[in-house]
Amino acid sequence: MTENETTASHFRVAVIGSGFSGIGMAARLKRAGLKSLVLLERAHDVGGTWRDNTFPGAACDVPSHLYSLSFRLNPGWSRTFSGQEEIHAYLRQVAEEEDVYRHVRFGHSVSGAYWEPEANRWRIECEGRPTVTAQFVISACGALADPSVPDIPGLSDFTGTVFHSARWDHSQDLTGRNVAVIGTGASAIQFVPQIQPKVGRLDLYQRTPPWVIPKHDRNVTRLEKWLFHNVPGAQQVFRKNIYWGRESYVLGFVKYPALMKGVAALAKSHLRRQVTDPELREKLVPDFVPGCKRLLLSNDYYPSLDQPNVDVITDGVEKVREKSIVAADGTEREVDTIIFGTGFHVTDMPAAKMVHDAEGLSIWDRWGEDLEALKGTTVSGYPNLFVLAGPNTGPGHTSHVFFLEAQMRYVMSALRFAARNGVDRLDALPEAQKRYASRMQHKTRNSVWVTGGCDSWYLNSKGRNVTLWPGFSFEYALQTLRFDPHNYRIRKEAPRRVRGGPAAGAAGPAADRTTQDAGAPQAPGTPRAAEPEEVGA
């Protein structure tokens, strides 16, 4: 146990979570010289969603060389689409080599963060742990942190085994058992092919079939690995080719949804090649435009459904009994195990309910499901708070890590601004936030997510996109490249008093200033703090 864990209770920066965003943010802060740092992690290892999702077949659907931190490229990826264990090992390696572990407090489940305006700090409560305070808080909880389980009548009466794919029960041997899988999203299409050969019977309850296209997954060749290890820039070129290929998806998703007809043709051809039963094939054809829901990649999902021990049920679940499930058409099927592949709480992200302003109101209390954040990162009324993976920062087409890194750069720019200009409070202006949120909805209005004819987790119950970025990812990277003080209400730190004398240069406490005051350029020749000191100590 480090000194950080045993003695310190106040920090310059507190990060909540230690997945991709938490580790990446901590690494950047440490590289900038920050020592007063803590990461609060509810589990007992780093890794976030790649620590938690250990279901059979778990893998990323974004190419490995793009789904990694730009400043910590991994030349040793074994496959073009890496599996859970390899991604988790990568994150642990980054945390180790960037010296992040020493700042992590494991077993610290944050129950609430409360802004204390008089002390100008955040008070962070952790279940069964001492209180932590910090001047700045960075929520790195992630969008796929908390599994969503539907409220099905009678579920509590079921006497068999029940678990969500994100909390896979490895103690359960599914061999020969009657298994019901509820949900057909990105997780289900990965674990269903893995368990289908083992189970006695598999009932797949499908509310809406997904669009599935081929997954071009393969082993990374020895030559490629050698090039990535030994030729400077080779991996960057490979990564950039993947990146620009993914950017082309935006043309169909946001700009010209009619282009998705080509994707539909590809997916239908994939289905015809892999499913021989015409009745089953009919069940698996979606009735919405590809991309309206997440476009899925798989080479083995369809063949696993075209097996004698699998039944795809499209009538929905009406209720659960002690040893069975009753479908909406009244058909009752005996079952030993229920596995939910029903996704996560996304539009009601965890941070929105745990972070409270000076009046004790959470972000969720203020906004409900109409979540808003300036550049997806800061929320008006919640000073010195940064939310990674916030509203409208999700990609519908490319690596989420790219967006996280754009946010990290924005946070670093904000912290450097604060340190260089003696600012101790940053609060997004409500009018700036509102303008930004309105722009997000305007850019989304003709997208496939709104016009594609489906009901997805991208939209809240009002049909409002609070999840995805409606455009090219490089546009988001450009707009978050530098901190924009004109969009914030900022406060200068109170001048430090010289021992035995009055405050140097002022007579009063810290006060709100205009952004122009705090952001005034330094006089020519004024020495700037060295880079490692620019985010504070």
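Guide: Gladly. Two strands pair if DSSP finds at least two bridges between them. Please keep in mind that this is a predicted model.

Visitor: What makes strand 1 and strand 6 a pair?

Guide: Strand 1 and strand 6 (residues 132-139) have six bridges between them, and the requirement is at least two, so they pair. The sense is parallel, and V13 stands opposite F136 in strand 6.

Visitor: How do you know that strand 1 pairs with strand 2?

Guide: By the same test: four bridges link strand 1 to strand 2 (residues 37-41), in the parallel sense. In this pairing, A14 stands opposite V38 of strand 2.

Visitor: Why is strand 1 called largely enclosed?

Guide: Buried means under 20% relative accessible area. Of the seven residues in strand 1 (residues 10-16), six are buried, so the rest of the structure largely encloses this strand.

Visitor: Let us turn to charges. Why is the contact of R121 and E116 called a salt bridge?

Guide: The cut-off is 4 Å from a side-chain nitrogen of Lys or Arg to a carboxyl oxygen of Asp or Glu. For R121 and E116 the N to O distance is 2.8 Å, so the pair qualifies. E116 also meets R123 in a salt bridge, again at 2.8 Å, N to O.

Visitor: Which of these residues are buried and which are partly exposed?

Guide: E116 has 17% relative accessibility, which is under 20%, so E116 counts as buried. R121 at 30% and R123 at 26% fall between 20% and 50%, so both count as partly exposed.

Visitor: What makes D357 and R366 a salt bridge?

Guide: Their closest N and O atoms are 2.6 Å apart, within the 4 Å limit. D357, at 5% relative accessibility, counts as buried, while R366, at 40%, counts as partly exposed. The whole structure has 28 salt bridges.

Visitor: How do you know that E247 has no salt bridge?

Guide: The nearest side chain of opposite charge is that of R246, 8.9 Å away, and the limit is 4 Å.

Visitor: What does helix 7 meet in helix 6?

Guide: A234, Q235 and F238 of helix 7 meet E224, L227 and F228 of helix 6. These contact residues divide into four nonpolar, one polar and one charged. The axes of helix 6 (residues 222-230) and helix 7 (residues 234-247) come within 6 Å and cross at roughly 115 degrees.

Visitor: One more label. Why are strand 13 and strand 15 called edge strands?

Guide: The open sheet is built of three strands in the order 13-14-15, with antiparallel pairing. Strand 13 (317-320) and strand 15 (332-334) each pair on one side only, which is what makes them the edge strands. From one strand to the next, the twist averages 25 degrees.

Visitor: How do you know that strand 14 and strand 15 pair?

Guide: Strand 14 (residues 324-327) and strand 15 have three bridges in the antiparallel sense, and at least two are needed. Within this pairing, S324 stands opposite E334 of strand 15.

Note on methods. Residues are numbered from 1 along each chain as its sequence is written. This is a predicted model: local features need pLDDT of at least 70, side-chain atom pairs count only at pLDDT 80 or more; totals for chains, interfaces and linings use all residues. Side-chain values use heavy atoms; hydrogens and water are left out. Axes are lines fitted to C-alpha atoms, for helices over the stretch in contact, and angles run from 0 to 180 degrees between N-to-C directions. Helices (H or I, at least four residues) and strands (E, at least two) are DSSP runs, numbered from the N terminus. Contact means heavy atoms within 4.5 Å. Ala, Val, Leu, Ile, Met, Phe, Trp, Tyr, Cys and Pro count as nonpolar, Asp, Glu, Lys and Arg as charged, and the others, Gly among them, as polar. Buried means under 20% relative accessible area, exposed over 50%, partly exposed in between (1.4 Å probe, protein chains only). Lys and Arg count as positive and Asp and Glu as negative; His and the chain ends are not counted.
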